[in-house]
Amino acid sequence: MLFICYPKCTTCQKAKKWLDEHNINYEERHIAGDNPSYDELKEWYEKSGLPLKRFFNTSGLLYKDMKLKDRIPSMTEEEQLEILSTNGMLVKRPIVINGDTVLVGFKEAEWSEKLSI
């Protein structure tokens, strides 16, 4: 299982604590230091079944500075994935990838259900 996070993010800290409390083994990856590639993001997006907009960190400063809220609706999926792959701070976190399961953001009930806890 891959756990992608930003260590200073309080939601990521809660998610990591939850994983540890449930004795779930994972490989941790710092999203700012090791930004997801275009191909990774495309694969995760396709596996997740979520709208691509859910992969954007809409509360982040960079998202706001780039005025992506206004730009995304007119962008293709390819353009959105390109932008996401340029900077890890644009990507919503935490993300868990476990086989074909991809979870974006931390919702304890969803994680319990999808990770069979």
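**Briefing on the predicted model**

N57 is located in the loop that runs between α2 and α3. The model is a predicted one. With a relative accessibility of 11%, N57 falls under the 20% limit and therefore counts as buried.

**The surroundings of N57**

- N57 and M89 are 32 residues apart along the chain, yet their C-alpha atoms are separated by 7.2 Å.
- Apart from residues up to four places away in sequence, N57 touches Y63, M89, L90, V91, K92 and R93.

- The buried residues of α2 are Y38, L41, W44, Y45 and S48. Around the helix axis they cover an arc of only 135°, so they sit on the same side of α2.
- An α-helix has 3.6 residues a turn, so residues three or four places apart point the same way.
- On the face of α2 turned away from the buried side are the exposed residues D39 and E46.
- The cover over the buried residues of α2 includes β1 (2-5), β2, α5, β3 and β4 (101-104).
- S48 belongs to helix α2, which spans residues 38-48. S48 counts as buried because its relative accessibility of 17% is under 20%.
- When neighbours within four places in sequence are left aside, S48 is in contact with F55 and V102.
- Just after α2, G49 adopts a positive phi of about 75°.

- In helix α5 (residues 77-84), the buried residues are Q80, L81, I83 and L84. Viewed down the axis of α5, these buried residues fall within an arc of 160°, and so they line one face of the helix.
- Elements covering the buried residues of α5 include α2 and α4 (68-71).
- The axes of α2 and α5 are 9 Å apart, and the two helices pack at an angle of about 125°. This angle makes α2 oblique to α5.
- The crossing in which α2 passes α5 is right-handed. On the α2 side the contact is made by Y38, L41, K42 and Y45, and on the α5 side by E77, E78, L81, E82 and L84.
- Y38, L41 and Y45 are listed among the buried residues of α2 and also take part in the contact with α5. From α5, L81 and L84 are likewise listed as buried and as part of this contact.

**R29, a buried residue of strand β2**

- R29 is part of strand β2 (residues 27-30). Its relative accessible area is 9%, under the 20% limit, so R29 is buried.
- The side chains of R29 and E40 are joined by a polar contact of 2.8 Å.
- Not counting residues up to four places away in sequence, R29 touches L2, F3, I4, C5, D34, N35, P36, S37, E40 and W44. One of these, W44, is a buried residue of α2.

- Most residues other than glycine have a negative phi, and most peptide bonds are trans.
- N23 is not a glycine but has a positive phi of about 50°. N23 lies in the loop between α1 (10-21) and β2, and its relative accessible area of 66% makes it exposed.
- K67, also not a glycine, has a positive phi of about 55°. K67 is found in the loop between α3 (61-65) and α4, and at a relative accessible area of 54% it is exposed.
- The peptide bond from R93 to P94 is cis, with omega near 0°. P94 lies in the loop between α5 and β3 (95-98). R93 is also one of the residues that N57 touches.

**E108 in helix α6**

- E108 lies in helix α6, which spans residues 108-114. With a relative accessible area of 46%, E108 is partly exposed.
- E108 and W18 are 90 residues apart in sequence, and the distance between their C-alpha atoms is 8.0 Å.

Technical notes
Residues are numbered from 1 along each chain as its sequence is written. This is a predicted model: local features need pLDDT of at least 70, side-chain atom pairs count only at pLDDT 80 or more; totals for chains, interfaces and linings use all residues. Side-chain values use heavy atoms; hydrogens and water are left out. Helices (H or I, at least four residues) and strands (E, at least two) are DSSP runs, numbered from the N terminus. Buried means under 20% relative accessible area, exposed over 50%, partly exposed in between (1.4 Å probe, protein chains only). Contact means heavy atoms within 4.5 Å. The arc is that of the directions from the helix axis to the C-beta atoms. A polar contact is a pair of N or O atoms within 3.5 Å; within protein, one must be able to donate a hydrogen and the other to accept it, and residues adjacent in sequence count only if both atoms are side-chain atoms. Axes are lines fitted to C-alpha atoms, for helices over the stretch in contact, and angles run from 0 to 180 degrees between N-to-C directions. Angles under 35 degrees count as roughly parallel, over 145 as roughly antiparallel, 65 to 115 as roughly perpendicular and the rest as oblique. A crossing is left-handed if the near helix is turned anticlockwise from the far one by less than a right angle, and right-handed if clockwise.
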